[in-house]
Amino acid sequence: MHNLLDMVAGYINLPKGLIVNNPATGKKITTVKDYTDTETHQHIEEAEKAFKLWSNKTAKDRASILRKWYQLVLDHTEELAQIITAECGKPLFEARGEVAYAASFIEWFAEEGKRLYGDVIPSHAAGKRILVLKQPIGVVVAITPWNFPLAMITRKVAPALAAGCTVLVKPAEATPLSALALEVLGKKAGLPDHVLKVITTTEPARIGSIFTSHPIIRKITFTGSTAVGKLLMQQSASTVKKVSMELGGNAPFIVFNDADIDAAVAGAMVSKYRNAGQTCVCANRFFIHEDVHSEFIEKFSKAINALKVGNGADDGVEIGPVINEVAMQKIDALVKGAKTSGAKVVVGGQKHHAGENYYTPTLITDVTMDMAITNSEIFGPVATVIKFRDEDEVIRMANDTPYGLAAYFYSRDLGRVWRVAEALEYGIIGINEGIISTEVAPFGGIKQSGIGREGSKYGIEDYTEIKYCLMGGLNS
Ligand code: ADP
């Protein structure tokens with residue numbers, strides 16, 4: 001068996017630097033570089049030089065390198081999955097799934113890059129022609145979270161590179177190893193120097209402000225909390241950068257009385273408990289119709305009770321640790337607060353004996369709209385249930401949040417399916433489906449959940465500028 005860190009051997013074990021821990025054991029894995037301001041400035045300048053070369057390649061040449069990168073990522077599934085599990089804690093089977101998901105964006109955008117068509121617009125005057133070009137925006141900075149340490153990078157970097165941009169990636173402090181492994185494979189695939197560079201740091205605010213104020217950086221693409229997203233938008237205003245923001249959510253999961261309850265329970269399990277509840281599209285509030293409430297709760301509790309909790313590296317584990325102690329405290333405080341306010345714990349409701357960072361998969365009923373747990377992104381394995389009576393009421397409650405990323409509902413009534421899908425103020429709607437992520441569809445939120453879309457044919461547009469050329473003097 002290979003050593004899990006062989007791939008990133010050149011980047012680790014530095015005497016001083018950013019310490020990477022395994023959330024399953026609390027033990028240190030290794031240290032990586034802590035970039036200084038001067039080094040960061042140098043890399044920005046190098047990325048600008050590299051942009052001139054990279055953007056001048058044909059889309060086909062870029063695609064051929066991206067395709068090699070895609071294949072290398074897949075060929076290293078096992079090593080990458082082990083790195084993801086070690087630094088982020090998710091079970092190995094989920095980590096393998098993430099590698100495939102991450103690779104899918106590279107393959108998809110290798111193709112899309114070849115189809116960044118411009119336009120010829122019918123002219124407004126004789127002797128003139130109107131051309132529209134789509135050009136790469138320039139040097140891009142991607143700031144990414146720890147919950148999908150590989151896929152959140154490829155979802156941004158692949159379209160940027162395919163369009164002809166160069167990219168600096170600042171991964172989350174908890175999960176720099178996946179990012180570095182991706183950079184190593186990119187180089188192996190033939191990405192020229194400085195086209196993709198990972199900048200690791202113990203001080204994201206310091207490095208972040210260099211990026212947001214630097215005139216060379218033309219775009220900031222971010223996935224993370226709404227608070228940091230707002231800060232980055234404010235900072236980027238000083239140089240009027242284009243921004244894409246994929247921020248927090250507060251996803252409703254609605255089960256109507258005409259739903260297939262078994263399907264709804266299966267959807268609820270994957271939507272809520274994937275990655276121990278730590279995804280921005282995880283169901284955060286379950287709204288269950290009063291007619292099917294007891295049946296749903298009974299079946300849902302049974303499925304939750306069967307979940308195996310433990311170190312994600314161990315066989316058969318379905319729920320790993322949460323990322324760190326701060327996350328643990330937040331989850332625990334939200335559950336305690338809900339109990340004090342009258343909610344009923346049906347399953348779990350406390351920390352898990354597997355270790356410091358483990359929370360027992362939990363189900364709480366009798367939750368109300370005014371509780372803190374209803375209005376916060378729980379980011380842990382805790383499902384909260386609110387009972388409802390009619391469609392208008394549930395739509396009002398579902399939309400009663402500043403967030404608008406993902407929403408889910410289960411119904412077999414065709415009229416209701418259209419009404420509800422159109423009324424929910426969310427960027428992504430799962431209808432009789434609990435998993436919505438795929439590289440072929442546009443992912444993104446409305447309201448305070450974000451700006452821009454990732455994946456699909458729309459996901460490359462954010463990395464381009466439209467240039468209008470009016471060509472005259474054609475009549476003589
Ligand atoms: P989470 O709560 O999921 O950790 P954050 O929004 O804090 O979400 O982190 C997401 C990413 O944003 C990480 O890469 C983190 O290092 C980075 N980050 C956090 N604060 C700042 C900041 N002030 N400026 C730039 N990046 C930041």
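Colleague: In this predicted model, which helix is the place of Lys156, and is Lys156 buried or exposed?
Modeller: Lys156 has its place in helix H5, which covers residues 151–163. Its relative accessible area is 1%, and since buried means under 20%, Lys156 is classed as buried.

Colleague: Which residues is Lys156 in contact with, once neighbours within four places in sequence are left aside?
Modeller: The contacts of Lys156 include Ala142, Ile143 and Thr144, and also Thr221, Phe222 and Thr223.

Colleague: Where is Met245 found, and is Met245 buried or exposed?
Modeller: Met245 is found in strand S9, residues 242–246. With a relative accessible area of 2%, Met245 falls under the 20% limit and is therefore buried.

Colleague: What is the C-alpha to C-alpha separation of Met245 and Gly224, and which residues is Met245 in contact with beyond four places in sequence?
Modeller: Leaving aside neighbours within four places in sequence, Met245 is in contact with Phe222, Gly229, Leu232, Met233, Ser449, Gly450 and Ile451. As for Gly224, it stands 21 residues from Met245 in sequence, and the C-alpha atoms of the two are apart in space by 8.1 Å.

Colleague: At what angle do helices H2 and H4 pack, and is H2 roughly parallel or antiparallel to H4?
Modeller: Helix H2 (residues 59–75) and helix H4 (residues 92–112) pack with their axes 8 Å apart and at an angle of about 165 degrees. Because angles over 145 degrees count as roughly antiparallel, H2 is described as roughly antiparallel to H4.

Colleague: Which residues of H2 and H4 meet, and how do they divide by class?
Modeller: On the H2 side the contact is made by Ala63, Leu66, Arg67, Trp69, Tyr70, Val73 and Leu74, which meet Val99, Ala100, Ala103, Ser104, Ile106, Glu107, Ala110 and Glu111 of H4. By class, the contact of H2 with H4 has 11 nonpolar, one polar and three charged residues.

Colleague: How do the axes of H2 and H6 cross, and what is the handedness of that crossing?
Modeller: The axes of H2 and helix H6 (residues 176–189) come within 8 Å and cross at roughly 130 degrees. That angle makes H2 oblique to H6. The crossing of H2 and H6 is right-handed.

Colleague: Which residues make the contact of H2 with H6, and how do they divide by class?
Modeller: From H2 the contact draws on Ile65, Lys68, Trp69, Leu72 and Val73, and from H6 on Leu182, Leu185, Gly186, Lys188 and Ala189. These residues of the contact divide into seven nonpolar, one polar and two charged.

Colleague: What is the geometry of the aromatic pair of Phe256 and Phe388?
Modeller: A search of the whole structure finds 11 aromatic pairs. In the pair formed by Phe256 and Phe388, the rings are 5.6 Å apart centre to centre, with 80 degrees between the planes, and the arrangement is edge-to-face.

Colleague: Where in the chain do Phe256 and Phe388 lie, and are Phe256 and Phe388 buried or exposed?
Modeller: Phe256 lies in the loop between strand S10 (251–255) and helix H9 (261–273), whereas Phe388 is in strand S14 (residues 382–388), so that the pair links distant parts of the chain, 132 residues apart. Phe256 has 1% relative accessibility and counts as buried, and Phe388, at 2% relative accessibility, also counts as buried.

Colleague: Which residues form one aromatic cluster with Phe286, and which residues does Phe286 touch beyond four places in sequence?
Modeller: Phe286, whose place is in strand S11 (residues 283–289), counts as buried at 0% relative accessibility. The aromatic cluster that includes Phe286 also holds Phe253, Tyr273, Phe296, Phe300, Tyr408 and Tyr410. Not counting residues up to four places away in sequence, Phe286 touches Phe253, Ala268, Lys272, Phe296, Phe300, Ala383, Thr384, Val385 and Ile386.

Colleague: What is the phi of Asn13, and is Asn13 buried or exposed?
Modeller: Most residues other than glycine have a negative phi. Asn13, found in the segment before strand S1 (18–21), is not a glycine and yet has a positive phi of about 60 degrees. With a relative accessible area of 57%, Asn13 is exposed.

Key. Residues numbered from 1 in each chain as written. Predicted model: local features only at pLDDT ≥ 70, side-chain atom pairs only at ≥ 80, totals over all residues. Heavy atoms only, no water. Axes fitted to C-alpha atoms, helices over the stretch in contact; angles between N-to-C directions. Helix = DSSP H or I, 4+ residues; strand = E, 2+ residues; numbered from the N terminus. Parallel < 35°, antiparallel > 145°, perpendicular 65-115°, else oblique. Contact = heavy atoms within 4.5 Å. Nonpolar A, V, L, I, M, F, W, Y, C, P; charged D, E, K, R; others polar. Phe/Tyr/Trp six-rings, centres within 6.5 Å; stacked < 30°, edge-to-face > 60°. Buried < 20%, exposed > 50% of the residue type's maximum accessible area, 1.4 Å probe, protein only. Left-handed = near helix turned anticlockwise from the far one by under 90°.
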